[in-house]
Amino acid sequence: MEVINADSRWPARTTIRQVAELAGVSIATVSRVINGHSDVSSQTRAAVQRVIREHGYRPSPRPRLGGTGRTGLIGVTVPLIHPGYFAEILSGAAEALYEHDLRAVLGPTRHSRTREMSLVDRLAGGEADGAILVLPEESDEEFAALAAQGFPFVIVDPRTEVADGIPVVCAAHSSGATQATRHLLALGHRRIGVVAGPRGWLATEERLRGYQAALASAGVLPDPALVEYGNFRVDAGREAATALLSLPDPPTAIFAFNDSMAIGAMQAATARGLRVPDDVSVAGFDDTIEATVVVPALTTVRQPLAELGRTAVSLLLRQIENRRLEPLRLELATRLVPRDSTAAVRPARA
């Protein structure tokens, strides 16, 4: 596996994004000019072609497996490498690529949209045969333009909704949240606090829907005061749980939308002199390695993280080999893993 740097890995070269900016048009328009589409005005076409000539932009031919000019490299962009969530997805992808005699070129984006766009432009410029984009920052227009270039790519765990026709692999967020909430309801909990992810993120919204659906099926009205938002980090979970446990009528259970925030919630409970799960139950989402080593062991929803990476590789290779790709959106099943951090609500608090 090779790690690439958006700032210095490749020599400077003009990208399709730069052509679009210099010509004052969209990336999709540049792509249509390059591919000879007729739905572009002669004036716009001339402006784009002039920029292409003046700046020496050359669209790279799209290599295919088994064909000449193949690099044998697949770009993988991830926001970060070290958290267990991204590391497990990367591990699954790298293993699947190795089985097909391919190498992963890893590009950490650090949640920087500019850095990510630079990496993707360079990968699409001929440095790789395709790409796997994990939790990407690009817009629908930019994904459409990338697809119009003929560059094969798959999105894993999209941050927001992606337009139809773009290959996506994700987990069944809503189903997993429903399972976790039903588990807590079955233990007698009725005031179930939530530490959600960032507002507007697809995973956050779908998990909230699953949580609310489980409450509705049990005849429990949702209480907006029981929902706090975080950024999927331990400190955010600790802060959100502190707010929930400080309510006049605090929750008897907390469902955090990832394991890191669940661990933060457990820390917040301990800081207030509460015992987990005797005084408050805590559940998470992801089932990373941290869920098994924390004390008490964390009840959580297992995402098939490594399988997300392997499935993304499978979809990508089908594109590269020009095989028919159906369906374009795959949702992998999630399942609850009960452990020691959840228990029946105490009679005094029921």
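In helix H10, the buried residues (under 20% relative accessible area, with exposed meaning over 50% and partly exposed in between, for a 1.4 Å probe and protein chains only) are Asp 259, Met 261, Ala 262, Ile 263, Gly 264, Ala 265, Met 266, Ala 268 and Ala 269. The model is predicted, so that local features need pLDDT of at least 70 and side-chain atom pairs count only at pLDDT 80 or more, while totals for chains, interfaces and linings use all residues. Residues are numbered from 1 along each chain as its sequence is written, and side-chain values use heavy atoms, with hydrogens and water left out.

**Helix H10 and its surroundings**

- Helix H10 covers residues 259–271, where helices (H or I, at least four residues) and strands (E, at least two) are DSSP runs numbered from the N terminus.
- From its first C-alpha to its last, this helix of 13 residues reaches 18 Å, close to the 18 Å expected at 1.5 Å a residue; the expected span is 1.5 Å times one less than the number of residues.
- The buried residues of H10 pack against strands E7 (192–196), E9 (253–256), E10 (281–286) and E11 (299–302), and also against helices H9 (234–245) and H11 (290–293).
- Just after H10, Gly 273 takes a positive phi of about 80 degrees.

- Not counting residues up to four places away in sequence, Ile 192 touches several residues, including Thr 181, Leu 184, Tyr 211, Pro 251 and Phe 255, with contact meaning heavy atoms within 4.5 Å.

- Met 117 lies in helix H5 (residues 113–127) and is buried, with a relative accessible area of 10%.
- Leaving aside neighbours within four places in sequence, Met 117 is in contact with Arg 17, Glu 138 and Glu 142.
- Thr 342, in the segment after strand E13 (335–337), is buried at a relative accessible area of 11%.
- The side chains of Thr 342 and His 183 are joined by a polar contact of 2.9 Å, that is, a pair of N or O atoms within 3.5 Å, where within protein one must be able to donate a hydrogen and the other to accept it, and residues adjacent in sequence count only if both atoms are side-chain atoms.

**Aromatic rings**

- A search of the whole structure finds 4 aromatic pairs; rings of Phe, Tyr and Trp (its six-membered ring) pair if their centres lie within 6.5 Å, and planes under 30 degrees apart count as stacked, over 60 as edge-to-face and the rest as tilted.
- Tyr 85 and Phe 86 form an edge-to-face pair, because their ring centres are 5.1 Å apart and their planes are at 85 degrees.
- The rings of Trp 201 and Phe 232 have their centres 5.9 Å apart and their planes at 50 degrees, so this pair is tilted, and both residues are buried.
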